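Please read these comments with the model open beside you, and look up each residue as it is named.

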Amino acid sequence: MTQADYLWAPAPVPSVAVRASAQRLPVQRLFFVGRNYHAHAAEMGKPVDKSVERPFYFTKSPLTLTPSGSTTPYPSETKNYHFEMELVVAIGRAGFRIPAERAHEHIYGYACGLDMTRRDLQLLAREKGRPWDLGKDVEHSSVCGEIVPMPGKVLDAGTVELSVNGQVRQHSDIGKLIWNIREIIADLSLFYRLQPGDLIYTGTPEGVGPVVTGDRLHGRIEGVGEIALTVGPAAD
Ligand code: MN
C-alpha cells in the first residue's frame, strides 16, 4: 500500500530509540502490570497476597509514548497527576503460552519508563468499577528511555530510583517485584500472543506522588540507564 491508498497520511510507526544504534525499535503494544511491589500495593490500600492472586494488567495506546528528555503538558481534567517509575521489558520474539523457564528467549532488552497517571481519575474509576482508561491512557503518559539491548537476559536485581527536582522520591530494587520478569512474561502470554515490539511496564515501587508544572523528574535503574521528564504548563 502507498500513501495514495489512504484518505490521509497514516501516522508514523510509534518507536523508541535503541542505545548505540541508528535503528529504532518499532513499538507494537504497551502493557502495564498493576501493583507489582508490596510497598506500593500497600500505599494504594490494596495489599497483594501472591499465594491466592495473579498479576493484572492494563494497556495504553502506543500513541501515548513519549521519549525521555521531553517536556509534556500537564494533562487536562486532573488535579493529581502522578509519577510511577518502572522497569520496561522490550519483547523481541513472538510467543504464546511461554513457559517461565523459556521467558528469557523472548526478551530483546530493557528501558527506564514512567507510567504517568491521572491518579484522581484512576481512583474514581476503581471506586466505581469503571475502566481505568481516563486515569491511565493519558496523552504523553508512557515515557520511555532508550532501549538497552540485552537479548536473553533476565534482570532480577538492581536499584530503581526516581528523583523530583533533585529529591529522591522512589527508591527500591527490581528484586522486590512481586511477579518477576519470567513470571510476568509467562502469565501475560497466556492472554496475548506476545509480539516483537511489545513493551511491558513492570510496575512501580512505593513513593508515587503528584507533580506540578515545572517539576523535573529524573529516574535511573541500575544496569539499564536513566530517564528524564519535565512537566510543562497545561495545554490550551
Ligand atoms: Mn504503573
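Predicted model: local features only at pLDDT ≥ 70, side-chain atom pairs only at ≥ 80, totals over all residues.

1. Helix α4, which spans residues 181-188, is mostly covered, since 6 of its 8 residues are buried. The buried ones are I181, I184, I185, A186, D187 and L188. An α-helix has 3.6 residues a turn, so residues three or four places apart point the same way.

2. What do the buried residues of α4 pack against? Their partners are the strands β3 (30-33), β4 (57-60), β8 (85-91), β9 (107-115) and β15 (199-201). For I185, once neighbours within four places in sequence are left aside, the contacts are V89, I91, I98, A103, I107, L194 and I200.

3. The largest nonpolar core holds 45 residues, and those touching the most other members are Y110, L114, M116, I185, I200, L217 and V224. Among the elements that give two or more residues to this core are α4, β8, β9 and β17 (216-221).

4. The largest pocket contains about 160 Å³ of space. Its lining is formed by P73, Y74, P75, S76, R118, V138, E139, H140, A234 and A235, and by class these comprise 6 nonpolar, 2 polar and 2 charged residues.

Key
Residues numbered from 1 in each chain as written. Heavy atoms only, no water. Buried < 20%, exposed > 50% of the residue type's maximum accessible area, 1.4 Å probe, protein only. Helix = DSSP H or I, 4+ residues; strand = E, 2+ residues; numbered from the N terminus. Contact = heavy atoms within 4.5 Å. 1 Å grid on protein atoms, 1.4 Å probe; cavity = no way out; pocket = protein on both sides within 12 Å on 5 of 7 lines; lining within 4 Å. Points joined across faces, edges and corners; volume = space filled by probe spheres on them. Nonpolar A, V, L, I, M, F, W, Y, C, P; charged D, E, K, R; others polar. Core = buried A, V, L, I, M, F, W, Y, C linked by side-chain atoms within 4.5 Å.
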